[in-house]
Amino acid sequence: MTPWLTVVGIGEDGWAGLGEAARQALDEATRIIGGDRQLALLSDNLQGRGERWPSPFSLDPVLSRRGTPLCVLASGDPMFYGIGATLARQLDAAEMRVFSAPSSVSLAAARLGWPLQETEVVSLVARPLAALNARMFPGARLLILCNDGTSPAQVAQLLASRGFGASRLTALEHLGGAKERRLDSLATEWSFDAIADLNLLAVECMPDADAQCLPLTPGLADHLYRHDGQLTKRDVRALTLARLAPMPGELLWDVGAGCGSIGIEWMRAHPSCRAIAVEADAGRQAHIEHNRDALGVTALKLVAGHAPEALADLPEPDAIFIGGGVTVAGVMEHCWASLKPGGRLLANAVTLQSEALLMSWRERIGGELTRISVAHAQPLGGFDTWRGALPIMLLQVEKPR
């Protein structure tokens, strides 16, 4: 297949920063699609007709002309959070050729002297600020693609509120261009108001003495969750996540989610993990929304409703956790039928009735039954004794491929 679409990355240095092949592609183009800023950077001598992206944004100007030679402009590296990556999801790789310029992240790492492989890139472009809550670790170096000129101040405020006020911040405007500017400050001292919308924020996370540092391992402390008592406790949660065994890109159904702790810690296992929390109670839905933002997994999807009816149109899961609602008619049947071949199902039971149901399901579909009992040392007069929590039965089963 002969490529009909050419994507050219252009930096703040404009035409002068383009390579020979990129310049030739633009010289030969009859139609060039891009944003106002990118089109303004081109040479005045080009013969091709410039066309702006529609508002609201749509790929239709490209996809509707599929097979017709076109040139598309992008900022920096088109395959790094750029239009090239977006188009690659719609087109075959053989239909495109891409000429890249240095990304803002590469330029920032060069200015700061940070090894790029030792940094984490976070995009806040059209994404919630709360996503940063899952990226704050002592000594972590973050390169944040900001949504606009207000983002650096918002990040500084968030860092200070989470006990990372000593973090060092560097805002880099117009990287690679004549208007490039650098602004440095601590998070607690950030006072810059006029920041260009085109900026990148570098953060070196430094915790205060009272910083709330969250580990990557499952089994977060119970007090980190807002709940009404419907919470899978820490030790059981850690064991549950270990048996659900999240892997990158996989989707979990958290059925009868309570405060959403299983789905939240599933998503914290890897940035590409996805989860859907199904909960009918309005109060618990509010707890889930609070917890997902506070713990930085803003992409957790909340479905309001009762299972099994609320499960009807959900995408096929790789794993399912059933906490509340094990004994509700049709829940186990629907979950088992919906699970992908090779997927994992884990159900927890506390009552005798729910235990009996899991035992009957084990006879039907197989799997492994485990009973957990956890006790904690608590005062008894002038001494200490063990206070046991209610024992929990787990059914763990993998669906045949």
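Helices (H or I, at least four residues) and strands (E, at least two) are DSSP runs, numbered from the N terminus. Axes are lines fitted to C-alpha atoms, for helices over the stretch in contact, and angles run from 0 to 180 degrees between N-to-C directions.

The model is predicted: local features need pLDDT of at least 70, side-chain atom pairs count only at pLDDT 80 or more, and totals for chains, interfaces and linings use all residues. Residues are numbered from 1 along each chain as its sequence is written, and side-chain values use heavy atoms, with hydrogens and water left out.

**Two helix pairs**

Two packed helices are described by the angle between their axes and the distance between the axes.

| Helix pair | Axes come within | Crossing angle |
|---|---|---|
| α10 (residues 331-338) and α11 (residues 352-365) | 12 Å | roughly 35° |
| α7 (residues 234-244) and α8 (residues 261-268) | 10 Å | roughly 55° |

Helix α10 passes α11 in a right-handed crossing, where right-handed means that the near helix is turned clockwise from the far one by less than a right angle. On the α10 side, M332, E333 and W336 make the contact, and on the α11 side L357, L358, W361, R364 and I365 do; contact means heavy atoms within 4.5 Å. By class, this contact has 6 nonpolar, no polar and 2 charged residues. Ala, Val, Leu, Ile, Met, Phe, Trp, Tyr, Cys and Pro count as nonpolar, Asp, Glu, Lys and Arg as charged, and the others, Gly among them, as polar.

Helices α7 and α8 are oblique to each other, a term for angles that are not under 35 degrees (roughly parallel), over 145 (roughly antiparallel) or 65 to 115 (roughly perpendicular). Helix α7 also passes α8 in a right-handed crossing. R237, T240, L241 and L244 of α7 meet S261, I262, E265 and W266 of α8. The contact of α7 with α8 has 4 nonpolar, 2 polar and 2 charged residues.

R237 lies in helix α7 and is buried, with a relative accessible area of 0%; buried means under 20%, exposed over 50%, and partly exposed in between (1.4 Å probe, protein chains only). Leaving out residues up to four places away in sequence, R237 touches G219, L220, D222, Y225, L231, T232, S261, I262 and E265. A polar atom of the R237 side chain lies 2.6 Å from the backbone oxygen of L220.

T119 is in the loop between α5 (104-112) and β6 (120-123). T119 counts as buried at 16% relative accessibility. The T119 side chain reaches the backbone oxygen of L116 at 2.9 Å. Apart from neighbours within four places in sequence, T119 is in contact with W114, R141 and L143.

How values were computed. A polar contact is a pair of N or O atoms within 3.5 Å; within protein, one must be able to donate a hydrogen and the other to accept it, and residues adjacent in sequence count only if both atoms are side-chain atoms.
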